[in-house]
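Subject: Structure handover

Hello,

Here is the structure for you to look over. My notes on it follow below.

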Amino acid sequence: MVTLKIALRSLLRRKSRALTIGVLVAFGTLLLVFGQTFTRSAGIASRESIIDNFTGDLILYSERSKEKPSPFAFNTPLPVIPEVETIRAFLQELPQVEAVVPFAQNYALLQAQKDGQAVELPFIFYAIEPAGYRDIFRNVEMRQGDFFGVEGGAPRQGILISEYQNQQYQKNYGVTLAAGQQVTVLSLTEGGSVNALRSELVGLFEPRYFKNVFNYINFVDMESYASLYNFTGVAADSLPESLTRGLEASAGDEEAIFDLAEDEDFGRLDLSSLRSETLSGYTMIAVRLADHGAVDEVIARVTAAGLGLKAARWDEASGFFARISSGLQAFIILATGLIFLIVAFIFMNTLIINIVERTSEIGTMRALGGEKRFIRGLFLAETLLLNIPFSLAAMLLSLLAVLATGAGGLPLPETISQYLIGGGPLALRLAAAPFLEALGIVIAVSIVATLYPIRVATGISPLAAMGER
Amino acid sequence: MNAVELIEARKSYMLGETRVEALRGVSLRIEKGEFLAIAGPSGAGKSTILNLIGCIDTPTEGRVLIDGTEVEHLSDTELTRYRRRKLGFIFQSFNLIPVLNVYENIEFPLLLQNHLSRQEREKTVMHFIEEVGLADRLKNKPNELSGGQRQRVAIARALVTRPLIVLADEPTANLDSETGHRIVDLMRAINEQEKTTFIFSTHDEHIMEHARRIISLRDGLVTGDKAKG
């Protein structure tokens, strides 16, 4: 009790010095709490925004792929995933899975007319199942036409372009497209041939979030995409028995192949049973989970099932977006760390000045029978009595600042907001952790900054009470 | 048993690059209840002897026995505890704790000892506050007191634990002569009343008159040991 009494009164005796230190500690705490609340909120908003708008909780892709999925990988599409329906059925059986949406990325050219001349416009797109995609991702706000007719009306095939893309066409090529307009889509297939598909511009949209990316991304329905890139084959169950035998034989030895020459059935190949089948062309499958925390479990199940797939969590599949909030968090931690380092040094020096000024007082206490631990406790008490109240005051200020932002959230510059959370104000989320962490850090820094001054203080001999020799 | 015994105590220390011989082999015995002055000019070794007896310094050579205990080999913590139990200090510059009031300054050594209840502490503190005549100044801080009043507080603080020995290093040096006399009279009265051993250093002839025994020092050696009556 006497320790606290002396500590408190000693602080009050040097008010201006204590106030300077207290304000520095409060500033550091404010930065820590508000900064952590900001980055945590940004981290959560970023994750939700990425998951809700373009990755889901995870993206499955072919195990043959050397690249990871990315919202920007249009020039190097990932390998096609075979047996998508089997995979979809498997995933839908998992209790953790809420929705499954396969899609692909690619690029093509749109051929439009300008002054009687054909103009070819660059066109990067997601090939999607419109209904499924619309169910999971709500990133598209229609400006003209509709979203492939999935929200009322009859489902339609065609293409959907962003308004921004249309403005770029106007700016760079002098061409403006309108919903309902017929266009020709030109694609370069893997075989090297150019395919052309007559299609319709079913609508123009504006992305709600991540405009800096989705302003450049357009949409094609999956069936148009399959036609455009020759994702058409022969259904395996429609092959004639004789052809199946022949194919099996061709995998064996030479004798078996020569034996085919004598096979009458093989010579009379009946092609009437053949049936064409549209292959998907899907390169990725976005999976949305009922619980974000079940990602690892679902990845483990998919891996164990041997479906020939690899998995990328939402943050791995988001390109650099997920790293922005982590980077910001690291920056704030670094900045706060530096501030606390400076505060700790100033604090340490101030304490040492205090100790030098109080040498005789400390010597007297030692002479009267105060042990080193008493002196240690005294300075530690002074430190904590000063730093904790200022720190708590800063926390209260942070709390008020967070509450003041209200439901509307904290407005951010649009460019920063787009990269950080996909756009719009940041809803600050109150959590106990930043407050507890800040308190812990303030206490830890206070103790560490007091260690050396305490060493100096406890090194003062009781002889100092008599006057230094 | 002697309260204090110094046997061939020597103390030297370095002052820059010069070795200073503060004590050059001092032997003396002080009995319990004595009222003793250590006299001598500046640099004679008065404070050094008080520091050795007060267990706040150790001899370079020789032995120091306080109440029969050899203290020169005790650890820092043991010396601190020993001081707390056996010794009281009165300093030349009073050395009151500036943030504590009169009552709290006097109570401070009892709080360090931590073996009395609050009521017992209060009774003891009030007894000594009345002894030194400061009952009306309980709540005053040291900077609100005169030099004489501060030294009275220091005397009460030194006595409050009922120590075996009270050491006073030039207790009147910062006081005017009249106040100095009153302070020494007070110490003498308490010595007679409480039977506490008082050892004080001084170079003031008038103050020395109050002592029952005077040990004279010069250049680190005892040059005289005179008992009165």
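Where is the place of Leu397(A)? Leu397(A) sits in helix 14 (residues 372-405) of chain A; helices (H or I, at least four residues) and strands (E, at least two) are DSSP runs, numbered from the N terminus.

The conventions are as follows. This is a predicted model, in which local features need pLDDT of at least 70 and side-chain atom pairs count only at pLDDT 80 or more, while totals for chains, interfaces and linings use all residues. Residues are numbered from 1 along each chain as its sequence is written, and chains are lettered from A and ligands numbered from 1 in the order in which they are written.

Chain A

Leu397(A) is partly exposed, because 15 other C-beta atoms lie within 10 Å (buried means 20 or more such atoms within 10 Å, exposed 12 or fewer, partly exposed in between, with C-beta atoms placed from the backbone).

Chain A is assigned domain 1 (2-50 + 323-466), domain 2 (57-235 + 276-313) and domain 3 (236-273); the bounds come from an automatic or database domain assignment. Taken over C-alpha atoms, the centres of domain 1 and domain 3 of chain A are separated by 81 Å.

Contact between the chains

Chain A gives 21 residues to the contact and chain B gives 22 (two residues are in contact if their C-beta atoms, placed from the backbone, lie within 7 Å). On the side of chain A that touches chain B, helix 1 (2-13) and helix 13 of chain A are the elements that give two or more residues.

Chain B

Helix 2 (residues 76-86) of chain B has Leu79(B), Thr80(B), Arg83(B) and Arg84(B) buried. Seen down the helix axis, these buried residues fall within an arc of 140°, so they line one face of helix 2 of chain B (the arc is that of the directions from the axis to the C-beta atoms). Their cover includes helix 13 (359-367) of chain A, along with strand 6 (87-90) and helix 3 (102-113) of chain B.

Chain B also has an open sheet of 4 strands in the order 2-1-4-5, with antiparallel pairing (two strands pair if DSSP finds at least two bridges between them). Strand 2 (18-31) and strand 5 (69-70) of chain B are the edge strands, each pairing on one side only. Strand 1 (residues 2-15) and strand 2 of chain B pair over 11 bridges in the antiparallel sense. Lys11(B) has Leu23(B), in strand 2 of chain B, as its bridge partner.

Regards
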